[in-house]
Amino acid sequence: MKSIITVILFSLFAWGVQEIGPVSSIEVNGTAKDMVLNGNRLVIATDMGHIEVYDINNNKKIKEVSIPDVKDFMGDIMPARVMSTDVIGEKYLLLSDSGVGGYANLYIHENGKTTQLISHEDQKPLIKVRFIDKDHILFGYLSDEISLYDIAAKKEKYRMQMSESKFSDFALDKKKTEVVTACESGVLSVVDVQSGKVIKELKGQNVDNVYRVDFKNGMVSAAGQDQRGALYNVKTGKGEYIKGSFLIYSTALSPSASKVAFAMDEKNNISIFNTMTKSKTALLKGQKSTLNVIIFKDENRLYSSSDDSTVLVWDLKN
């Protein structure tokens with residue numbers, strides 16, 4: 001009798017999952033490598049040496065910023081892969097590979113002018129950058145270090161080692177006062193942005209590399225190589241995980257953190273869960289390649305990019 005009830009409950013749960021297709025798409029020139037949303041501006045970094053900026057009200061491109069080509073290890077000229085980007089006001093960041101020794105180039109674009117802040121000569125193996133304010137940038141190093149860079153002074157205020165593992169990702173809270181960092185160990189560190197001091201460690205839910213993290217309204221989500229989508233309450237440090245069926249490459253929390261998105265299967269679908277009940281509420285189908293970034297604009301509108309030239313737009317009310 002118990003097994004029959006279980007089957008019925010599982011069937012009811014499955015029936016309750018809404019399958020949703022994209023409501024629109026954005027085609028970029030190149031493969032999307034990173035993506036940020038600021039107000040009505042969606043900024044997309046590509047492997048073709050530029051960022052593209054779109055007005056999300058009509059999905060129209062309103063700006064494009066290009067950086068110089070680089071030489072690869074064979075000496076061939078090729079577009080610089082822009083692996084991280086951000087925007088604050090009218091300032092844009094473009095972090096790219098330099099083609100030399102695994103070190104990065106970093107550019108800032110403002111008022112029609114692009115200036116290089118970091119070159120391969122600085123020997124910085126940077127992976128991710130984000131503005132903290134108009135004068136400071138948070139750096140994420142391959143070596144699992146973070147630092148706070150002063151733009152005017154052209155130097156780091158601190159550089160802190162998070163672990164001995166390889167860096168994967170970081171995500172800032174809304175106020176940009178705290179950041180959660182992820183690495184290949186599965187342990188997450190919550191860090192004070194201004195000092196670089198570790199406030200708390202979040203662990204126990206992922207036992208392998210965490211590819212992506214998000215940080216919203218006191219909650220952290222983590223996308224793991226171990227097929228676990230982890231959720232942590234930052235205040236208590238307690239967490240749970242949702243088991244997937246494949247490597248989980250990407251995640252995002254809604255602004256209220258009442259919903260979480262995980263790329264949980266080999267078909268590149270996005271699963272939406274209620275973070276309180278852990279129940280799946282929707283399945284977003286249509287992504288063709290491995291997901292790299294998911295962004296909630298609000299509680300119902302999402303944007304997702306993958307290892308191709310198509311950014312998809314989703315509406316959970318659709």
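Modeller: A residue counts as buried when its relative accessible area is under 20%. Keep that cut-off in mind. The model is a predicted one. Phe139 has a relative accessible area of 0%, so Phe139 is buried.

Now the core. The largest nonpolar core has 16 residues. Leu106, Leu117, Ile137 and Phe139 touch the most other members. Five strands each supply at least two residues of this core: E10 (91–97), E11 (104–110), E12 (113–118), E13 (126–133) and E14 (136–141).

Take Ile137. Set aside its neighbours within four places in sequence. Ile137 is then in contact with residues including Leu93, Leu106, Leu117 and Val129. Its contacts also include Phe131, Ile132, Leu148, Tyr149 and Ile151. Arg130 and Ser147 are on the list too.

Next, the rings. In general, two figures describe an aromatic pair: the distance between the centres and the angle between the planes. The structure holds five such pairs. One of them joins Phe139 and Tyr141. Their ring centres are 6.5 Å apart and their planes stand at 70°, so this pair is edge-to-face. Tyr141 is buried, because its relative accessible area is 0%. Phe139 and Tyr141 form one aromatic cluster with Tyr149.

The charged end of Arg159 sits over the ring of Tyr141, 3.7 Å from its centre.

To recap: Phe139 is among the residues that touch the most other core members, and Phe139 also belongs to the aromatic cluster with Tyr141 and Tyr149.

Definitions and conventions:
Residues are numbered from 1 along each chain as its sequence is written. This is a predicted model: local features need pLDDT of at least 70, side-chain atom pairs count only at pLDDT 80 or more; totals for chains, interfaces and linings use all residues. Side-chain values use heavy atoms; hydrogens and water are left out. A nonpolar core is a set of buried Ala, Val, Leu, Ile, Met, Phe, Trp, Tyr and Cys residues joined through side-chain atoms within 4.5 Å. Buried means under 20% relative accessible area, exposed over 50%, partly exposed in between (1.4 Å probe, protein chains only). Helices (H or I, at least four residues) and strands (E, at least two) are DSSP runs, numbered from the N terminus. Contact means heavy atoms within 4.5 Å. Rings of Phe, Tyr and Trp (its six-membered ring) pair if their centres lie within 6.5 Å; planes under 30 degrees apart count as stacked, over 60 as edge-to-face and the rest as tilted. A charge sits over a ring if NZ of Lys or CZ of Arg is within 6 Å of the ring centre and within 35 degrees of the ring normal.
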